[in-house]
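The entries follow in the order I checked them.

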Amino acid sequence: MDASVYTIGVTLAISSGIINNLGTVLQKKVVNDKSDEDSKLMKYLIKSPLWIIGLLMQLVIGSLFFMLAQLYIGPALISGFMAAGLIVLAIGSVYIVGESLKKVEIIGILLMILGITFLGFSELSIDIVNTNLMDLAFVANVVVFTVVFFLIAIICEIIAKKDKRLFGILLAISSGCMFALSNFWISPLMSVFAKVFEETASWGELIWFISAAIILPLVNLIGIARIQTAFTKGQASNLIPIQQVPIQISPIIVYFFVFLLAAPSIISTIYMFVGIILIILSSFSLGRRQTQMDEIK
């Protein structure tokens with residue numbers, strides 16, 4: 001790969017991570033400033049210019065950089081470089097939102113960054129453009145993947161209503177499942193986008209386009225709503241890394257069980273498992289701290 005092209009892709013991916021997490025910090029600040037006398041949460045949030053700016057940073061600017069980065073370096077490396085945004089999240093949570101970071105939380109964030117980086121360098125790239133979207137086995141795998149992640153999100157919400165100690169953690173995981181689906185469904189959308197607007201798409205490709213156009217707004221809206229609600233019970237610096245667990249592990253599931261691809265090398269497999277282990281360790285350290293905070297509340 002040409003060095004200049006690679007540099008542009010890395011810059012776009014890092015910028016996307018920074019913009020996304022800075023947007024999260026702004027949203028969390030608005031949630032924290034909400035008083036008990038204010039109206040319902042989402043109605044209150046959509047009236048806040050600062051919250052809208054944070055949302056646009058995520059959905060518009062961050063998403064644009066994310067999609068452009070895919071064109072330059074592909075999807076495998078993007079998550080690793082976007083992890084740089086967690087540093088902005090940690091610093092912003094302290095200096096903008098006014099949260100405090102304990103040693104265990106700092107270690108958890110560092111483990112998450114390191115784990116995502118290992119996953120990013122596992123070289124598990126997927127050529128979605130040359131994938132046969134009409135293959136029935138592939139379609140079946142996509143349906144199963146989508147349904148399973150929806151079910152996980154629903155189960156998390158059911159348990160969250162019964163166990164208030166885990167409320168913030170479970171809603172963060174639910175939100176992460178929705179964004180994991182969003183990250184996947186962007187790929188087939190981009191694959192058929194040009195054909196649809198050039199009016200050269202087949203009926204099957206048109207169905208893919210319509211499905212993605214319905215699912216993407218739905219999962220993004222649900223994901224945003226769930227993480228905003230989770231913010232009312234915990235720190236952004238804790239909940240966002242926990243939210244990242246399904247987001248970062250889902251590409252592994254997509255690679256091996258949806259596309260049925262083999263790892264390009266042994267070292268790639270090692271990177272993958274080390275990354276997953278680090279992410280799980282991070283989620284345990286951050287989740288334990290979050291549970292303690294919820295118990296105090």
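**Helix crossing.** I looked at α3 and α8 and found their crossing to be right-handed. This is a predicted model. I noted helix α3 as residues 49-73 and helix α8 as residues 167-197. Their axes come within 12 Å and cross at roughly 65°. Next I listed the residues where they meet. From α3 I have F66, M67, Q70 and L71; from α8 I have N183, I186, S187 and M190.

**Salt bridges.** How many salt bridges does the count give? I get four.

I then checked the cover on each partner. E157 counts as buried at 18% relative accessibility. R226 counts as partly exposed at 26%.

I moved on to K195 and E205, whose closest N and O atoms are 3.0 Å apart. This pair links distant parts of the chain: K195 belongs to helix α8 and E205 to helix α9, ten residues apart. Is E205 buried or exposed? E205 is buried, because its relative accessible area is 15% and the cut-off for buried is under 20%. K195 is partly exposed at 36%.

I also logged D163 with R165, the closest N and O atoms being 3.1 Å apart. D163 is buried, with a relative accessible area of 18%. R165 is partly exposed, at 40%.

**Nonpolar surface.** Which residues form the nonpolar patch on the surface? I wrote down V143, V147, L151, I154, I155, I158 and I159. Together they have about 600 Å² of accessible area. I155 is in helix α7, residues 136-162.

I looked up L114 and placed it in helix α6, residues 103-120. L114 is partly exposed, with 41% relative accessible area. I checked L114 against V274: they are 160 residues apart in sequence, and their C-alpha atoms are 9.4 Å apart in space.

I finished with Q244 in helix α10, residues 236-258. Q244 counts as buried at 17% relative accessibility. What does Q244 touch, leaving out residues up to four places away in sequence? I found M112 and I116.

Technical notes
Residues numbered from 1 in each chain as written. Predicted model: local features only at pLDDT ≥ 70, side-chain atom pairs only at ≥ 80, totals over all residues. Heavy atoms only, no water. Patch = residues over 30% accessible without salt bridge, like charges linked within 9 Å, V, L, I, M, F, W, Y side chains within 5 Å. Areas by Shrake-Rupley, 256 points an atom, 1.4 Å probe, with all protein chains shown as cover. Salt bridge = Lys/Arg side-chain N within 4 Å of Asp/Glu carboxyl O. Helix = DSSP H or I, 4+ residues; strand = E, 2+ residues; numbered from the N terminus. Buried < 20%, exposed > 50% of the residue type's maximum accessible area, 1.4 Å probe, protein only. Contact = heavy atoms within 4.5 Å. Axes fitted to C-alpha atoms, helices over the stretch in contact; angles between N-to-C directions. Left-handed = near helix turned anticlockwise from the far one by under 90°.
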